[in-house]
Amino acid sequence: MSEPAPGATRWIPLESNPDVLNSWCSKAGLITSEFEYSDIYGLDEDLLALVPQPVKAVILLLPLTDAIERKTQEEIAKIRREGQHHVDSSIIWIKQTIGNACGTMALLHAIINTNVPVIPDSPIAKFIIECRSALTSSRNDHALLRDSL
């Protein structure tokens, strides 16, 4: 995400640490005794064998560089020009508009788009219901996060 406009809402970023992510998710309502976040130390077979199974989602820590920002803008221009390819309608995507909220948005996308168990009536359960009922075009972090999480 490019830098937010002056005066835009910014969050303190979540630390990319499984303990922090699991604590946040537990408070939000994920049943962390059944699923939790853990580190992946590499992509070779021996290191991947250390990852608890099953894996429901992977969150990649990726620095935002000028090259990535350029590629993003190219993809946006291509979609505007040629249209969006088919996307499974069961996938929930929320536009990030809050600066420094990328870790939180990654957690939310991982939880919302998998069948991990959440506590009924928890903040995350209510958030998922709100996301599923919102029009895709109106899904953004400000609109959904202000009342739910």
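Student: What should I know before I start?

Tutor: This is a predicted model, where local features need pLDDT of at least 70, side-chain atom pairs count only at pLDDT 80 or more, and totals for chains, interfaces and linings use all residues. Residues are numbered from 1 along each chain as its sequence is written, and side-chain values use heavy atoms, without hydrogens and water.

Student: How many helices and strands does the chain have?

Tutor: Helices (H or I, at least four residues) and strands (E, at least two) are DSSP runs, numbered from the N terminus. Here there are six helices and zero strands. Along the sequence the pattern reads α-α-α-α-α-α.

Student: At what angle do helix 4 and helix 5 pack?

Tutor: Axes are lines fitted to C-alpha atoms, for helices over the stretch in contact, and angles run from 0 to 180 degrees between N-to-C directions. Under 35 degrees is roughly parallel, over 145 roughly antiparallel, 65 to 115 roughly perpendicular, and the rest oblique. Helix 4 (residues 102-112) and helix 5 (residues 123-133) pack at about 80 degrees, with axes 11 Å apart. The two helices are therefore roughly perpendicular.

Student: Which residues meet there?

Tutor: Contact means heavy atoms within 4.5 Å. Leu-108, Ile-111 and Ile-112 in helix 4 meet residues of helix 5, including Phe-127 and Arg-132.

Student: Is Ser-122 buried or exposed?

Tutor: Buried means under 20% relative accessible area, exposed over 50%, partly exposed in between (1.4 Å probe, protein chains only). Ser-122 has 6% relative accessibility, so it counts as buried. Ser-122 sits in the loop between helix 4 and helix 5. Leaving aside neighbours within four places in sequence, Ser-122 touches Ala-28 and Gly-29. Across the chain, buried residues make up 28% of the 149 residues.

Student: How many salt bridges are found?

Tutor: Side chains of opposite charge can pair when their charged atoms come close. A salt bridge is a side-chain nitrogen of Lys or Arg within 4 Å of a carboxyl oxygen of Asp or Glu. The whole structure has two. Glu-75 pairs with Lys-71, their closest N and O atoms 3.4 Å apart. These two are four residues apart in helix 3 (residues 66-82), so about one helical turn separates them. Glu-75 is partly exposed at 35% relative accessibility, and Lys-71 is partly exposed at 44%. Arg-81 pairs with Glu-82, with closest N and O atoms 3.9 Å apart. Arg-81 and Glu-82 are exposed.
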